[in-house]
Amino acid sequence: MGTLWTNGLIYTMEKENARVEAVYTEGDLIMDMGNSAQLKMDYSDRIERDIDLNGQMMIPGLIDSHMHLVGYGELLMRLNLSEMTSRQHVLDAVKEKCEGAPPGKWIVAEGWNENEWDDTELILLDELDEVSPQNPVILKRICRHALVANSLSLKAARDLIKDVPPAGGVIGRYQDGRLNGLFKEEPAMQLITNHIPGIDQEYVESAIKLAIEDCWSKGLTGVHTEDLHYYDGFTSTYQAFINVIEKNSMPLRANLLVHNEEVDEMTANGYSYRDGGTFIKLDAMKIFADGSLGGNTALLSRPYADHPETNGVAMYTQNELAALVRKARSHNLPIAVHTIGDQAFENVISAIEVDPPAEGLRDRLIHAQIMRKDLLERAKLLPVIFDIQPGFVPSDFPWVMDKVGLENSTYNYAWKTFLGNDIHCAGGSDAPIESVNPLLGIHAAVTRKKPFGLDKTVYGPDERLSMFEAVSLYTTGSAYATGEEKKRGKIAKGFLADFSVLTENLFSISEDELLMVEADMTVVGGQIVYQKERK
């Protein structure tokens, strides 16, 4: 028995402006589409449900091509600093949280961003100690490439903190040589985060559940997520995903990137590329080639304009990076590489040129923010996808121009140029770094403006996307990134019955109205998993 979806503005995304009157589904598949009356006649003896879309817009299910689902759930569970616009506001919030917690309880806060503060001076250990005398405290930067820890949280790790930081990591010190609580990049941050108590499978499952419910409410039917390295190990974290999504019937299509340090455990457990369940699939091997712009650890080909003493951090030497690519190929895995700086991008492109993926597989270059024309020309010749985050434009501008220099900005965050060079692009949020709401990502892609604020500057007007291009990032683009373009990303016969129903027609409203659009209904595999309450 099946379902007829009718009385809506149904955009198939097969090409611009392509629409149908109705869609007929059975189980988790689209069986037919076209004229509503004809479908009712053809399937009259099989239609069990007739869903009235109330004239609203239905599109293929929105997919976030890069985020951290467990990390996003943690953001919902923890003290959220991302909306705080002053360092004093952060300190006051941490103090209040500590005063309400029993002594010794760990406090982990997420999302500080000094670029949004009136005073951009960092909060360091001494100040943090003043407001948290009885609790271990960790404040994670919005990029998750830096954290600040207080003295109590350093106690457990003090014997591991050496004068020489671990490769790829940065440990901050005051001028007198004392630790200042600042740790940058995963090798250094893990010296602290590995000691946070209670990060077990139950904790991870709770975070996944919260995150999925919120994703549904934003119209997301699928995510490409990277979480299998940061919590209780590959096996426990993977099982948490299975338990929540497959066994507890919380359907969300989750393509799980596998950190390069977890691939051995994955294969030792008998798993390989694209194994999983109905909704979960193990995906590409994740590699970090560099850090973040906000922390001055993204790897540039020239010194930072505002910090000329550094050009960033290479997580691996070129030989080590090449060895990781060979490791992926030995397991028939594509790679998904965090590359923000142009030198990091060049290093990865050079490795792929020597050791490309097997035929039919595609590598993805995540972020691809700081770019050069010569690198685009090389990338065009390879089976790669640019996995971009449109929301980085309103978040990173204008301060990013001070870091890389205006004279070096022609090909930076150049989404329109990428598409114009026939480079496939997928759209994601990098949540919890940015808002998980795909509609905010679409707004950023078509306007290149800050949402909801007084700053109406268009940052790079020539790089604005059309609405069709922007929606494609989160539908056909994200499906293409995982090689699923023949089953997801469009409303077409034989495709999965994943739909996002929105309160307004994106193709007929103004930029400002776009910010008011919400998900009305979210459908995964023919199942309505979210429906907005009607007044």
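In this predicted model, helix H2 (residues 69-77) packs against helix H7 (residues 201-217) at an angle of about 90°, and the two axes lie 7 Å apart. H2 and H7 are therefore roughly perpendicular to each other, given that angles of 65 to 115 degrees fall in that class. On the H2 side, the contact is made by Leu69, Val70, Tyr72, Gly73, Glu74, Leu76 and Met77. Their partners in H7 are Tyr203, Val204, Ala207, Ile208, Leu210, Ala211, Ile212, Asp214 and Cys215. By residue class, this contact comprises 13 nonpolar, 1 polar and 2 charged residues.

Helix H10 (residues 318-330) and helix H11 (residues 342-354) pack at an angle of about 50°, with 9 Å between their axes. H10 and H11 are therefore oblique to each other, and their crossing is right-handed. Here Gln318, Leu321, Ala322, Val325 and Arg329 of H10 meet Asn347, Val348, Ser350, Ala351 and Ile352 of H11. The residues of this contact divide into 6 nonpolar, 3 polar and 1 charged.

Attention now turns to the nonpolar interior. In soluble globular proteins, nonpolar side chains tend to be buried together. The largest nonpolar core of the model has 149 residues, and those with the most contacts inside it are Leu69, Leu293, Phe386 and Leu506. Helix H7 supplies the largest share of this core, with 8 residues. Leu69 also belongs to the H2 side of the contact with H7, which ties the helix pair described above to the account of the core.

Neighbours within four places in sequence aside, Phe386 is in contact with Phe345, Leu365, Ala368, Met371, Leu376, Ala379, Phe418, Ile423, His424, Cys425 and Ala426. One of these partners, Phe345, falls within the span of H11 (residues 342-354). There is also a second, separate core of 17 residues, with Trp5, Val23, Leu53 and Ala492 among them.

The buried positions are Ala188, Met189, Gln190, Leu191, Ile192 and Thr193. What do the buried residues of H6 pack against? Their surroundings include strand S9 (137-141), strand S10 (146-149) and helix H5 (151-154), together with strand S11 (170-173) and strand S12 (179-184).

Methods:
Residues numbered from 1 in each chain as written. Predicted model: local features only at pLDDT ≥ 70, side-chain atom pairs only at ≥ 80, totals over all residues. Heavy atoms only, no water. Axes fitted to C-alpha atoms, helices over the stretch in contact; angles between N-to-C directions. Helix = DSSP H or I, 4+ residues; strand = E, 2+ residues; numbered from the N terminus. Parallel < 35°, antiparallel > 145°, perpendicular 65-115°, else oblique. Left-handed = near helix turned anticlockwise from the far one by under 90°. Contact = heavy atoms within 4.5 Å. Nonpolar A, V, L, I, M, F, W, Y, C, P; charged D, E, K, R; others polar. Core = buried A, V, L, I, M, F, W, Y, C linked by side-chain atoms within 4.5 Å. Buried < 20%, exposed > 50% of the residue type's maximum accessible area, 1.4 Å probe, protein only.
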